[in-house]
Structure formats: structure tokens, C-alpha cells
Amino acid sequence: MARVNERGMIGPVEIRVPPDPSLSKVLRLAASGVASLAGYTVDEIDDIKIAVSEVLIALIEHGRGESIDVQFVVDSHTFTVRGRTPMEGFDVNDPDLQLCRTVLEGVCADHGIDQVDSNAQIWATVEHLSI
Amino acid sequence: MTETGSPDSLTVEVGAHGELVVTGDIDIAGGPILDSAITDREEHGPVVIDVAAVSFIDSSGLRSLLGAARRARGRDEVVALRNVGAEVARLLEITGTTEQFEISAASDPSPAGSGESADSDGAGE
């Protein structure tokens with residue numbers, strides 16, 4: 001059984017990576033491991049992998065930062081991935097982001113792109129229904 | 001087979017009948033490799049892509065496939081996806097792009113180009 005903190009959550013697990021496309025798979029694997037530890041099903045983990053990948057696509061293709069901060073937050077009902085990169089040069093209305101949004105709409109309970117301080121934050125939440 | 005690309009997470013080979021055989025993850029790292037392989041094959045006629053060994057696909061991979069489909073329409077051709085498994089079928093279904101391709105599902109013995117969609121035979125989740 002996964003260890004949870006006093007708030008009933010695993011993590012948050014935080015990872016800082018350079019905006020290197022080849023690291024997308026590494027982060028999917030990390031997310032899979034965390035979700036598996038938390039008891040998520042194979043289908044739910046497949047959705048989480050897609051959500052993580054879409055968040056990274058948006059940050060790598062549209063951000064200009066030297067690093068990307070990714071966070072996984074898991075509680076008993078949801079797995080949320082958040083990614084941040086400096087807001088400079090990031091156009092939240094770029095039409096190329098529409099396909100990311102469409103995919104996230106299909107696999108996530110909720111998702112969004114926000115400005116937090118000087119960063120663009122992209123987040124996506126997958127629900128854990130099989131509890 | 002002739003290997004045309006070999007990144008860590010994706011390989012694209014040309015099969016015995018000229019089809020592109022894709023193995024691995026079509027993601028932000030693999031998408032450009034697939035793009036390049038498709039562009040090379042377009043010079044030789046209609047593009048057929050065997051995706052039986054695709055273990056993951058995201059919107060960047062889908063963009064590669066949709067770009068190929070768009071260019072094919074310009075030549076009065078259609079991109080055929082063979083052996084479409086659940087992962088690819090689901091992303092096509094989510095994005096409403098299934099009809100951009102001629103699809104044969106993994107369990108479908110009929111050849112690509114039969115016009116049967118992954119949705120119609122239950123390959124989607």
C-alpha cells in the first residue's frame with residue numbers, strides 16, 4: 001500500500017527536467033509508477049500517461065524556458081499532473097495547443113492552462129473511479 | 001526490412017510491401033522521425049502505415065499522421081493505417097479524426113483500404 005502524507009496524498013512528486021523531447025517517456029514512466037503505487041487501474045494509468053505527454057508537448061513546444069517543473073499530486077480520487085515553464089513567449093491561445101486540449105478533454109476530468117506568477121502552468125486531472 | 005529511423009523510443013522500417021512499420025512510442029520525440037519516414041515514402045505512392053507495434057501515441061504523433069493524411073488528400077490518395085490497436089484507435093476517436101484514414105483494426109483480416117473503421121469493429125475503448 002502506498003504511503004500517504006497527513007493530507008491523504010502521495011507526494012507531491014516534483015521533477016525538474018530540461019525541455020528535451022526524449023524525456024517525455026521518462027516522465028510517463030515516472031507517472032505510471034506513482035499511479036500504480038496509488039492503486040490506479042491500467043486504463044486509468046493509460047489516461048495519466050497521455051495527460052503527462054500532452055502537458056509536456058505544450059510546455060516543450062510552446063515554452064522557452066531552460067527547464068520544466070513537473071509535479072504529480074495524487075489523492076484517493078484524482079491524479080493531477082502540473083507543469084510549469086516561464087510565461088515569456090508562451091501564447092496560451094496558440095491554435096497549435098487546440099489538439100492538446102482536445103486530447104486532454106478526452107482523457108481527463110479537468111484540465112487547464114493558467115498563468116501563475118511569471119510562469120505558464122498546464123495541469124490535467126485524471127479521476128480514480130475504481131475505488 | 002530497411003530501417004529508416006532508429007530513435008530510442010521509436011523505430012520506423014519499410015516492410016516487404018512498402019508499408020511503414022512503426023514500433024514504439026509516437027510522441028514528441030518520435031513524431032519528427034515518423035514525419036521524415038512518411039515524407040520519404042510519399043515519393044513512392046500511397047502511404048500505408050502498420051501501427052500494430054505502436055505502444056503509445058499522443059497529439060504530437062497524431063499531428064504527424066494528420067499531416068500525412070492532408071498531403072495525401074492533395075494527391076487524391078488516402079493514408080492507410082493497418083493493424084490499429086486500442087491506443088491508436090482511442091486517440092483517433094477522441095479527436096474525431098478516424099475518418100481521415102483508411103483503417104484496418106488489429107483483429108481485422110481485411111486489407112487496409114477496405115473502408116472499415118476501427119470504431120465499427122469495436123477496436124476503440
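**View 1. Helices H1 and H2 of chain B, side by side in a predicted model.** Here we look at H1(B), residues 31–42, and H2(B), residues 59–74, whose axes come within 8 Å and cross at roughly 20°. Angles under 35 degrees count as roughly parallel, and H1(B) and H2(B) are therefore roughly parallel to each other. The crossing of H1(B) past H2(B) is right-handed.

**View 2. Who touches whom between H1(B) and H2(B).** On the H1(B) side, the contact is made by B:Gly31, B:Leu34, B:Asp35, B:Ile38 and B:Glu42. H2(B) brings in B:Ser60, B:Gly61, B:Arg63, B:Ser64, B:Gly67, B:Ala68 and B:Arg71. Sort these residues by class and you get three nonpolar, five polar and four charged.

**View 3. H2(B) meets a helix of chain A.** The partner this time is H3(A), residues 97–107, which packs against H2(B) at an angle of about 120°, with the axes 10 Å apart. That angle makes H3(A) oblique to H2(B). Once again we have a right-handed crossing, now of H3(A) and H2(B). From H3(A) come A:Leu99, A:Cys100 and A:Val103, and they meet B:Ser59, B:Leu62 and B:Arg63 of H2(B). By class, this contact has four nonpolar residues, one polar and one charged. Keep an eye on B:Arg63: it belongs to the contact with H3(A) and also to the one with H1(B).

**View 4. Inside the largest nonpolar core.** This core holds 72 residues, and the ones touching the most other members are A:Ala51, B:Val22 and B:Val79. Which helix gives the most to this core? That would be H2 of chain A, residues 42–62, with 11 residues.

**View 5. Zooming in on B:Val79.** Set aside the neighbours within four places in sequence, and B:Val79 is in contact with B:Val47, B:Ile49, B:Leu65, B:Ala68, B:Ala69, B:Ala72 and B:Phe101. One of these, B:Ala68, is also part of the contact between H1(B) and H2(B).

**View 6. Stepping back to chain B as a whole.** Chain B has three helices and six strands. Starting at the N terminus, its elements follow the order β-β-β-α-β-α-β-α-β. Of the 125 residues in chain B, 50% are buried. Now take the contacts in chain B with a separation of 6 or more: 54% of them join residues 24 or more positions apart.

Conventions
Residues numbered from 1 in each chain as written. Chains lettered and ligands numbered in written order. Predicted model: local features only at pLDDT ≥ 70, side-chain atom pairs only at ≥ 80, totals over all residues. Axes fitted to C-alpha atoms, helices over the stretch in contact; angles between N-to-C directions. Helix = DSSP H or I, 4+ residues; strand = E, 2+ residues; numbered from the N terminus. Parallel < 35°, antiparallel > 145°, perpendicular 65-115°, else oblique. Left-handed = near helix turned anticlockwise from the far one by under 90°. Contact = placed C-beta atoms within 7 Å. Nonpolar A, V, L, I, M, F, W, Y, C, P; charged D, E, K, R; others polar. Buried ≥ 20, exposed ≤ 12 C-beta atoms within 10 Å, placed from the backbone. Core = buried A, V, L, I, M, F, W, Y, C linked by C-beta atoms within 7 Å.
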